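Below are some notes for a colleague who is meeting this structure for the first time. Please read them with the model open beside you.

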Amino acid sequence: MKSSTPTLKILTALLLSVGLAACSSVKGPAAAGGARNAPEAAQGAAGGGDPDYTAELAPQSTPRSPRKPLVAPSPIKFEDAITRAGDKLFEDALAEVGSGKRAVVIDPLIDANTGAQTVSTVKMGQQLQALLKQRRYNNFTVKPLTRQTLAEQPLLLIGTLTPVNVERAVDTPPDAFRVWLTVIDLKTRRVVAKQIDRATVGSVNPEPLPYFRDSPSWHKDKTVMGYINSCQVNTQVGDPADPDYLSRLPAAAVINEAMLAYNDGKIGDANALYKEASQLADRGDLRVLNGLYLTSWQLGQRDAAQDAFGRLVASGLEAKRLPMKLLFKPGTVNFNDLGDLPTQYQLWLATMAREAGKTPACMKVVGHTSRTGSASANERLSLRRAEAVSKLLEGRDRSLRSRLSVGGVGSREALIGLGTDDQRDALDRRVEFRVVDCI
């Protein structure tokens, strides 16, 4: 679904002007200060407390009266929570935008800790779409996320589903999944409706979709953070959406097409779409770089795959954090060995050593575990994982010996936190790399 060059340029310019024209009080992830205004994703499963919705008002040219804070209700079954939140969200949106006919586009909903689409975020989107088709919302027409529909300046529905722990207890499994839903009017670039809810843990399936499961890194870059900032506590009704997020919507439309193709097994189509998206997306967009790597690898294009992975590493070094998914078998320091992962991991380690060797930067290798076993055992295991990976990197480039340090955090920074020790919480059994000051 490629557009002609003139149309694409005009549409991209239009959406860029929409994003750049918006003036937002939202801070990026590096600038987010207090926990009160930090996005839910920054809290993690271990520290994801459940405060009321108390975001401060953004500066306005015309003062407006504060709205009643949103308070997360008690957790109920996932499907019921989505219905409860969705009905209130759409009623509020109708009150704000009036009864005229409007298109509604859904930007696929995500887990805010990982940036991934999961089995349940997809189900959430489907359920909300079904709600929108009910008679009482007949002035809303659901349309797909494409560059063509974005040109109509529709209402945009975004949302997150994230494991949280009410008491913010370290090493404690989440006791709910928090739902954030937000509607943005692309005509005004402002939030017109928001809702918060909670679902019971047992009713949610956080297993990632194939593209996110297979990707060599998880997807928390500034584009995804812009989505989260617009969706969660950093905005309230009447505030502008994150301008960086809005400016990247044309790329998001192509990336969405590419992900759908990948999840359907149409690898060649997905590869072409990721290449097209790379012309629109931010240079370090992790969704694009992961997609180029995955599709090139599966098409047998090893040089292209290695190039894409090298760009992933370079982007991470520049951002001072490499969220790579070197994953381990439960309770061990042995890598996952599903499919051809052992071969891929060898390429990843060699490329990481090469790219890190090109820079004078120092890195800390940080090990993580899932939430099974005792806290002390998890501390030891996470450190052993970091030490094992550090030795593998040093073996490929001796110059790294003086620039690598190690640490283990047990399960304190678990992203899923369920302690199921399967594909659902595989990302908790990882190492990651952080650029640090050299001593």
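1. Of the 439 residues of the chain, 55% count as buried, and it should be kept in mind throughout that the model is a predicted one. The chain has 14 helices and nine strands. Among the contacts in the chain with a separation of 6 or more, 78% are accounted for by residues 24 or more positions apart.

2. Helix H9, which covers residues 249-263, packs with helix H10, residues 267-278, at an angle of about 165 degrees, and the axes of the two helices are 8 Å apart. Because angles over 145 degrees count as roughly antiparallel, H9 is described as roughly antiparallel to H10. The crossing in which H9 passes H10 is left-handed. On the side of H9 the contact is made by Val-254, Ile-255, Glu-257, Ala-258, Met-259, Ala-261 and Tyr-262, while H10 contributes Ile-267, Asp-269, Ala-270, Leu-273, Tyr-274, Glu-276 and Ala-277.

3. The crossing of H9 and H11 is left-handed. The residues that make the contact are Ala-252, Ile-255, Met-259 and Tyr-262 of H9, together with Arg-287, Val-288, Leu-294, Thr-295 and Gln-298 of H11. The contact of H9 with H11 divides into six nonpolar residues, two polar ones and one charged residue. A reader tracing H9 will find Ile-255, Met-259 and Tyr-262 in the contact with H10 and again in the contact with H11.

4. Helix H13, residues 341-357, is the place of Gln-344, and Leu-349 is in helix H13 as well. Is Gln-344 buried or exposed? With a relative accessibility of 8%, Gln-344 counts as buried, and when residues up to four places away in sequence are not counted, Gln-344 touches Tyr-293 and Trp-297. Leu-349 counts as buried at 0% relative accessibility. Leaving aside neighbours within four places in sequence, Leu-349 is in contact with Leu-326, Phe-335, Val-389, Leu-392, Leu-393 and Arg-396.

5. Glu-432 deserves a look in strand S9, which spans residues 430-436. Its relative accessible area is 0%, so Glu-432 is buried. The side chains of Glu-432 and Arg-434 are joined by a polar contact of 3.1 Å. Not counting residues up to four places away in sequence, Glu-432 touches Trp-218, Arg-321, Leu-322, Lys-364, Val-365, Val-366 and His-368.

6. Asp-428 sits in the loop between S8 and S9, and at 0% relative accessibility this residue counts as buried. Which backbone nitrogen lies 2.7 Å from a polar atom of the side chain of Asp-428? The backbone nitrogen in question is that of Gly-417. Asp-428 and Ser-370 are 58 residues apart along the chain, yet their C-alpha atoms are separated by 4.9 Å. Beyond residues up to four places away in sequence, Asp-428 touches His-368, Thr-369, Ser-370, Ala-414, Leu-415, Ile-416, Gly-417 and Leu-418.

7. Arg-189 has a positive phi of about 65 degrees although it is not a glycine, and its place is in the loop between strand S4 (176-185) and strand S5 (190-199). Arg-189 counts as partly exposed, with a relative accessibility of 25%. Asp-421, likewise a residue other than glycine, has a positive phi near 50 degrees, and it lies in the loop between strand S8 (404-408) and S9. The relative accessible area of Asp-421 is 27%, so this residue is partly exposed.

Methods:
Residues are numbered from 1 along each chain as its sequence is written. This is a predicted model: local features need pLDDT of at least 70, side-chain atom pairs count only at pLDDT 80 or more; totals for chains, interfaces and linings use all residues. Side-chain values use heavy atoms; hydrogens and water are left out. Axes are lines fitted to C-alpha atoms, for helices over the stretch in contact, and angles run from 0 to 180 degrees between N-to-C directions. Helices (H or I, at least four residues) and strands (E, at least two) are DSSP runs, numbered from the N terminus. Angles under 35 degrees count as roughly parallel, over 145 as roughly antiparallel, 65 to 115 as roughly perpendicular and the rest as oblique. A crossing is left-handed if the near helix is turned anticlockwise from the far one by less than a right angle, and right-handed if clockwise. Contact means heavy atoms within 4.5 Å. Buried means under 20% relative accessible area, exposed over 50%, partly exposed in between (1.4 Å probe, protein chains only). A polar contact is a pair of N or O atoms within 3.5 Å; within protein, one must be able to donate a hydrogen and the other to accept it, and residues adjacent in sequence count only if both atoms are side-chain atoms. Ala, Val, Leu, Ile, Met, Phe, Trp, Tyr, Cys and Pro count as nonpolar, Asp, Glu, Lys and Arg as charged, and the others, Gly among them, as polar.
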